[in-house]
Structures are given as C-alpha cells and as structure tokens.
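Please look over the sequence and the structure below before reading on. The paragraphs after them go through the main features in turn.

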Amino acid sequence: MIPVTKPFLPQIQEYGEYMNTIWERQWLTNNGPLVNELELKLKSYLGLDHLLYISSGTMALQIAIKALKLKGEIITTPFSFVATTSSIVWEGCTPVFADIEKDTFNIDPTKIEKAITPQTTAILATHVFGNPCDIDAIQDIANRFNLKVIYDAAHCFGVKYKNKSVFDYGDVSATSFHATKLFHTIEGGAVFTKCPDLLKTMAFMRNFGHNGPEEFADLGINGKNSEFHAAMGLCNLNHIDNILERRKDLYLHYRKILGGLGVSFQKLKDEQSYNYAYFPVVFESQQLMYACIEALAHEKIFCRRYFYPSLSSLPYVAPVNLPVCESIVNNIICLPMYHSLTKSDIEMIARIMLRVQNYGLSVPSPKTHDSAVLEKEIEEILTKKVEV
Ligand SMILES: *Cc1c(COP(=O)(O)O)cnc(C)c1O
C-alpha cells in the first residue's frame, strides 16, 4: 500500500533516550526543558530571534488572530486547509475570500485589494504547499490600507524567501508541526513575530494568560505543548537536512517522469529555497483525474484531493463565486509524498497514470494486484505504444 503521506519516525532508541530523561525529571509539560531546548534549536536552525512552540497549527492561528485583536472582516484564501477559515470564524471575525492565482495557487493580491471594505482589518494568506505568496505585494496593500498580515505557513518548514526563513514575514506567521507535515512533533505548531510586545502577549495567551502563579496579564487559553511532543521534534530536527534532501530528490523525479502527461504543476516562486513538501498535479479534465484516482486506488496507491472543496463552500461562510479557485479544486490531487517513498514507487505511479491517459477508462483492469506482474504489464504497454 502506498498512502498519500506517512509520518517520518526516528529510531525508537533515539526517542527512548529522551523518554529516559523525562522519567528522571518527572516533568511532563508546562514549558519544560525539552520544550525550551526545541524552541532554542528551532530558532537557531531557522535563523530567527523569536518563536513560540504551540499545541497545534490551528491554535497558533487562533492565538495570532486574538493577539492582534482583529475584528470585522479578514481577507483570506479559499484554497487552503479548513483551519485557515475556521480559525477566523472561531475568533468571531468574518472571512472574505479573494480568488487565487491559477499557477501558484496562492491568494491573488489584485483580488485582495478589490475585497477591502471599511470593515477589513487583516489579510490571512496561506503559502500553499510551502510556495511563498507574493509577500511584497501583500505587504504593500497592508501598508496602504493599514491592515495586519497573518501567514498560514503550515507547509513551510525550511522554506526561504529572499534568503530569510519565510516564517519571518507578516505581523505573525503560524506553522503546524502535525505528524503529516514535513517537520513534525506529532501534534504541534508555532507562532513567529518580530514584534516583542506581540510575542509577549502570545506567550501569556499560550498559558491561560498567567503572569506568574497568582497574576493574570491577559485573556488566555491552553496552547502549550508537552515534553513528549518536544522530544519528537528534537529527534526529527536531527534528520531535517536528510528529510529535505530526500523530498527534493523525489519531487524532481516526479517532475521529470510526469512531464509528458496531461497534468500541470504548481509554479514555484523560487526552486532554490523551496522545501518540496508536496506533489500536487492539476489535470486537464476532471474525468482524467477521477480515472487516475481510480486506477491508482486499484493498485492500493492513494492520492488525496487536496485542497478540496473550496473553503468558500463551508457551511458557516457566505457563498461566493471564485472561478479560479473552483477550476483548481475540481482538478487537483496530491500524489504520494513522504520520506520512505522510493523512486520506483514514483515510476509505478507514473506508469499507471500514463496508461490511464493513453487508454482512458476502457483499459481493462489488471487481473492481479501483484506489483511485479503489474509493473511488467505496464512496461509492455509502454514499450509498445509510447515512450516515457
Ligand atoms: C495542517 C494545516 C493547518 C492546521 O495545523 P494543525 O497543526 O493540524 O492544527 C493549518 N493550515 C494548513 C494550511 C495546514 O496544512
């Protein structure tokens, strides 16, 4: 079985060593030494002065909105994970969707400007699949209209923009360290800001608003994370260069081998400083997409329609017509991408997709699930009729 994603896991012994130290200290949560160590190492790895480790990426977004005291309308992207929109609504604000760019899948700055009203207080944009938004254009709009900027940078670990971590942009950036992300701490996330006051506010908010054991500085929530989660992060951080290198290798292999198919790829802002976290493909037609999903699933290879559906169709938002987003959500899937995926897995996926493209739905299903037999069969078809 090839799932769409698999979490990276360090050797159990490596994690076990951290467990031994936790058992010795009996300090399980509440800003413990492993949480502190993880924060320090992340700052150093990312080249950033400030960050706060949070219980999840969603909590990070909610704390960001709360700390910026946002009210009214927040302009956001319809093409993201549900948490981007739900956190706006959860914090009592109204999401206003601006359509996306066809090639980068990121929010279109020209559409942001058109969506501004007297009620607009902020822009919440996602760097989709880790591909940075047009940060300069967004910041320019924010400056001109006096708006705050939050980035949902959940996919962005290791991504740089203009030689700095992409987490360094916006009033606040929020990321996720969920198990499905390129760098993970099982569950977890972080907020980043350059503003010391905002950092302080978010630090209080993360811990119930406590300012010492008997005093409260602000309204807060439980946004902390545990020593067990931090330990996973410390282990995974030891492997991050290897994880990033492998992702790039796999991504480029996909690109090469799928180049001749009727699919298009995300236009990347800067290939040199990208993290290659996902492999999205957009099909020319929905029919071809469904046929590929089906043919792959038949061989126990699973993709995911991601992101789907458009966030503007959520039951708790006002529906709005966003033609570019609609055209993407209906035709996009993410192909399997994870550390232990192999190049021959990718070749297998490409062959199945190629076969569907060339023979459509009329291709007889292979009579076997045996991958060696299947591969041979596909190979035969390919060598007879098409060139890879
Ligand atoms: C994963 C993800 C989130 C939510 O992060 P959690 O840590 O799962 O709460 C938010 N936005 C995007 C774009 C994501 O991919």
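Predicted model: local features only at pLDDT ≥ 70, side-chain atom pairs only at ≥ 80, totals over all residues.

The protein has two domains: domain 1 covers residues 12-237, and domain 2 covers residues 241-382. Their C-alpha centres are 28 Å apart. Contact between the two involves 39 residues of domain 1 and 33 residues of domain 2. The size of an interface is often expressed as the accessible area that is lost when the parts come together. For domain 1 and domain 2 this buried area is about 3100 Å², and carbon and sulfur atoms account for 67% of it.

Three elements each supply two or more residues to the side of domain 1 that touches domain 2: helix H4 (82-90), strand E3 (94-97) and strand E6 (160-161). Of these, H4 contributes the most, with five residues. Sorted by type, the residues on that side of domain 1 are 20 nonpolar, 12 polar and seven charged.

How many salt bridges are found across the interface of domain 1 and domain 2? The rule finds one. Lys267 and Asp103 form a salt bridge through their side chains, with 3.7 Å from N to O. The pair counts as a salt bridge because the cut-off between the nitrogen and the carboxyl oxygen is 4 Å.

In the whole structure, the search gives 12 salt bridges. One example is that of Glu37 with Lys41, where the closest N and O atoms are 2.8 Å apart. Both residues belong to helix H2 (residues 33-46), and because they are four residues apart there, about one helical turn separates Glu37 from Lys41.

Aromatic rings also pair in this model, and the structure holds 24 such aromatic pairs. A pair of aromatic rings is described by the distance of the centres together with the angle of the planes. In the pair of Phe129 and Tyr306, the centres are 6.0 Å apart and the planes make an angle of 45°, so the pair is classed as tilted. The two residues come from distant parts of the chain, 177 residues apart. Phe129 is in the loop between strand E4 (120-126) and helix H6 (135-145), while Tyr306 is in the loop between helix H10 (286-298) and helix H11 (323-329).

The backbone has a few details to note. Most peptide bonds are trans, and most residues other than glycine have a negative phi. The peptide bond from Tyr306 to Phe307, however, is cis, with omega near 0°. Phe307 is placed in the loop between H10 and H11. Pro309 lies in the loop between H10 and H11 as well, and the peptide bond leading from Tyr308 to Pro309 is cis, with omega near -5°.

Gln26 is found in the loop between helix H1 (12-25) and H2.

Methods
Residues numbered from 1 in each chain as written. Heavy atoms only, no water. Domains from an automatic or database assignment. Contact = heavy atoms within 4.5 Å. Buried area = accessible area lost by both parts, 1.4 Å probe. Nonpolar A, V, L, I, M, F, W, Y, C, P; charged D, E, K, R; others polar. Phe/Tyr/Trp six-rings, centres within 6.5 Å; stacked < 30°, edge-to-face > 60°.
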